[in-house]
Amino acid sequence: MRETMGLDEPMLIQYRDYMLNVLRGDFGKSYSYNKPVLELIAGRIPNTLLLALPAIGIALLIGLVIGVLSAVNQGSWFDYVFMMLALVGVSMPIFWMGLMLVLLFSVNLGWLPAIGMGSAAKGIGNVIRHMILPCFCLSTIPTATFARITRSSILESIHGDAIRALRARGIREAIVVWKYALKSALPPIVTVLGLQLASCFAGAILTETIFSWPGMGTLIVGAIDNRDYALIQGAVLVIALAFVVINMIVDVVYMMINPKVSYEGGK
Amino acid sequence: MEKKLGLDQQSQEEIVKRERKANSAWNKLKRNKTAMMGLVVICIMVLGALLAPVITGGKPNEIHPVDAYLKFFEKGHIFGTDEFGRDLFTRICYGARVSLLVAVGATIVGGFFGVALGLISGYAGGVIDSVIMRIMDGLLAFPFILMSIILMTVLGSGIFNVILAIGIAEIPRFARVVRGQVLIVKQEEYCNAGKVIGISHPRMVIFHILPNTVSEVIVYATLNIASAIISEASLSFLGLGIELPTASWGSILRSGRDCLNTAPHIAAISGLFILLTVIGFNLLGDGIRDVLDPKMKK
């Protein structure tokens, strides 16, 4: 047993072998599933993306609208109420919110299914019904974060000279806000978008556990319960890699939308 | 004439003193209503935790199977009881001890090592800076919760290990914040002056640079306690944190999850306490930031 798993080799040799295998696309074999780790992970990633991408999309849309409206109506009841809600949102333990959603919509009202992801065979509607609660849960913190960052970023740009000049030219207020102010407020929003997308991957660990969604999160938690180290290593490596790649993409996009930033000149 | 001037000077000094007092950080913070709301919430939670043996029966793990799943205010149990008939109010108060201890402990661990590394990295620069920051960047590649989960898997459960796991995961974040600040501070005139009169490096770092990074660290630490509370609850919720039967808000929530149908109040009340405390720390953190760094105020 020790020989077949290479456990009799020194630690460094084991590490070298593991890394060389990883470079060849071989993450080892999960002993609890008795399948190659990569195959398991590849099977779960689409499910996690199915939750994370719509969650981020919804969060970005709602967060931007709330943030812009709050900034434009600074000091109004709208601003006050929604910024208070945003504060509650960023402070929310999402696993608790998930449980409360299940309690309300599944246990008490019986409107939506509480666990699993349904089956595409029963129609796309079935999967969407299963997606509603976990997506909502996963999008809470990003929505609140987007709303807060958009508000402060718009406030900064709206008081700038460029926007005052546009107003002086008599351009309609709606166009000034939604086209020009929003455009110059984009860089911090893009930074946060990348961070939130990456942390959605991690946040999925809790959300997926609550809703028994068969994605990367439940895979990792299951692997930890079973002390399935090859699977834990593989899954962690993939998530960390996704984190790094997303951050890199954000850096590139950041440079494209904000010409002031340059990573070469060191400005 | 001289006498008049003396009086003027005295009254001027008084005015300056009064203004200084009014502009002191604490007085500014006192005027910030939301920050004060946060502080009140935190004080209530801390008092509840400290006075737990006085305001409750003092037996958070005492089992009364007959009284299981009592609702609010039934048989003198303010928050009802859990699946073993343990008084939920008592467990919430004792849970506050563990949750707050872990959050503050983890922030101290993360803060201590993070600040130290950030100071060294920012002050030394060059190769040392590169090496430390690349390691920190590597650690940052793991999302926070994932990092603590990995560490908990390695360390095993228990209060001390939870503090360590969350604390270690926080080190790179503190290091980054402090390093950024050190890079600004060390260019200041007084640091150059210090160099000219030949004060030693440790003296420069500890007495001249560190005090000027403190405000950033305080703001970050306050906000960080909020996220540490959530991290502890997440870990305990996943069964990796505090071992049962020790009460922590996360472990109460976990047991509440298993009986969501029969006794939803267990999960509801424990989560509500987590939410309120986190909001409290976030409000206070935002308030302190507004006071210490007016440029950030939006």
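At what angle do helix α4 (residues 94-108) of chain A and α13(B) pack, and how far apart are their axes? Keep in mind that this is a predicted model. Select both helices: the angle is about 145°, and the axes are 10 Å apart. The crossing of α4(A) past α13(B) is left-handed. Now show side chains. From α4(A), pick W96(A), L99(A), M100(A) and L103(A); they meet P264(B), A267(B), A268(B), G271(B), I274(B) and L275(B) of α13(B). Color by class and you get nine nonpolar residues, one polar and no charged ones.

Next, zoom out to the whole contact between the chains. Chain B puts in 28 residues and chain A 30. On the chain B side, look for α7 (144-155), α11 (214-237), α12 (249-258) and α13 (264-292), each of which gives two or more residues. The largest share of that side, nine residues, comes from α13(B). Color the chain B side by class to find 21 nonpolar residues, five polar and two charged.

Now go to helix α9 (residues 216-225) of chain A. Why call this helix largely enclosed by the rest of the structure? Because eight of its 10 residues are buried. Select them: M216(A), G217(A), T218(A), L219(A), I220(A), V221(A), A223(A) and I224(A). Their cover includes α2 (37-72), α8 (186-211) and α10 (229-257) of chain A, along with α7 of chain B. Just past the end of α9(A), stop at R227(A), where phi is positive, at about 50°.

Last stop: the largest nonpolar core, which has 152 residues. Within this core, A235(A) and I239(A) touch the most other members. Helix α5 (residues 88-124) of chain B supplies the largest share of the core, 16 residues. Center on I239(A) and ignore its neighbours within four places in sequence: its contacts are F201(A), A202(A), M216(A), P143(B) and L146(B).

How values were computed
Residues numbered from 1 in each chain as written. Chains lettered and ligands numbered in written order. Predicted model: local features only at pLDDT ≥ 70, side-chain atom pairs only at ≥ 80, totals over all residues. Core = buried A, V, L, I, M, F, W, Y, C linked by C-beta atoms within 7 Å. Buried ≥ 20, exposed ≤ 12 C-beta atoms within 10 Å, placed from the backbone. Helix = DSSP H or I, 4+ residues; strand = E, 2+ residues; numbered from the N terminus. Contact = placed C-beta atoms within 7 Å. Nonpolar A, V, L, I, M, F, W, Y, C, P; charged D, E, K, R; others polar. Axes fitted to C-alpha atoms, helices over the stretch in contact; angles between N-to-C directions. Left-handed = near helix turned anticlockwise from the far one by under 90°.
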